[in-house]
Amino acid sequence: MAFAKKLLICTIIILALSILAGLLPVHGESEIYDTVVRLHVVANSDSDEDQALKLEVRDAIIGVVAPAVEGCTSQSEAIAAIGGILDDIEREARRVVRERGYGYDVKVDIGEEYYPTKTYESCAFPEGKYVSLRVLIGEAEGQNWWCCLFPSLCLSASGAQSKESNEDKFISVGLSSDQYKIITESENPKYKARFKILEAFSSWFGGKN
């Protein structure tokens, strides 16, 4: 009887571990963090004028960066391309600020930054550390604006691109279809579980800035 009980317990443990193993990010899901480059624009304040300026700066920056990363096939290539035009990005952002009649300073840098969970129109990215192009306008005390700069989802936020074309972009830079589903089917129970486990792993092992 004791043997049967031990066998049952062992069977339950093995089944539980098998289920857990199927959910853990062992199939490369964590590569999501190492594939994309995010854009983070912070407004001077939350006034309507500063928030509108933030969006104009965003549009100008996307116009400069999009052609630079168009031919990139990896995150490292995109980082190098963006890093090579940081002065141009800052100059363009300053131009918009000056033309709108503001005297705000603008600071631009690229590096690792901690992001909260963020849902876009067709994608949801788990919280964690991402390579980020950060643009600080003036006092940078206003609301943030985020998007995925590489592969470019910034344009799709306005409906200019379809989910299918977005998937093609992610596949072309190294994500598998299953990995892509982590960020586009986060309401699917299977992918929702993996999404949450990715966030947990990021919090436990990645730390926060």
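**Starting point.** I'm working from a predicted model.

**The sheet.** I looked up the strand order first. I found an open sheet of four strands, ordered β2-β5-β1-β6, and the pairing is mixed. Which strands stand at the edges? They are β2 (106-115) and β6 (144-150); each has a single partner strand, so one side of each is left without a neighbour in the sheet. I also checked the twist, which averages 25 degrees from one strand to the next.

**β1 and β5.** Next I looked at how strand β1 (residues 37-42) meets strand β5 (residues 128-137). The two run parallel, and six bridges join them. I picked out Val41 and found its bridge partner in β5 to be Val135.

**Helices on the sheet.** Helix α4 (residues 86-99) packs on the sheet and touches β2 and β5. I noted about 115 degrees between the direction of α4 and that of β2. Helix α3 (residues 75-83) lies across β1, β2, β5 and β6, and runs at about 40 degrees to β1.

**Helix α2.** I ran a length check on α2 (residues 48-69). At 1.5 Å a residue, its 22 residues should span 32 Å, and the end C-alpha atoms are 31 Å apart, which agrees. Then I asked myself: what do the buried residues of α2 pack against? My answer is β1, α3, α4, β5 and β6. The buried residues of α2 include Leu53, Val57, Ala60, Ile61, Ile62, Val65 and Val69. I also jotted down Asp50, Gln51, Lys54 and Arg58, which are among the buried residues of this helix too.

How values were computed: Residues are numbered from 1 along each chain as its sequence is written. This is a predicted model: local features need pLDDT of at least 70, side-chain atom pairs count only at pLDDT 80 or more; totals for chains, interfaces and linings use all residues. Side-chain values use heavy atoms; hydrogens and water are left out. Two strands pair if DSSP finds at least two bridges between them. Axes are lines fitted to C-alpha atoms, for helices over the stretch in contact, and angles run from 0 to 180 degrees between N-to-C directions. Contact means heavy atoms within 4.5 Å. The expected span of a helix is 1.5 Å times one less than its number of residues. Buried means under 20% relative accessible area, exposed over 50%, partly exposed in between (1.4 Å probe, protein chains only).
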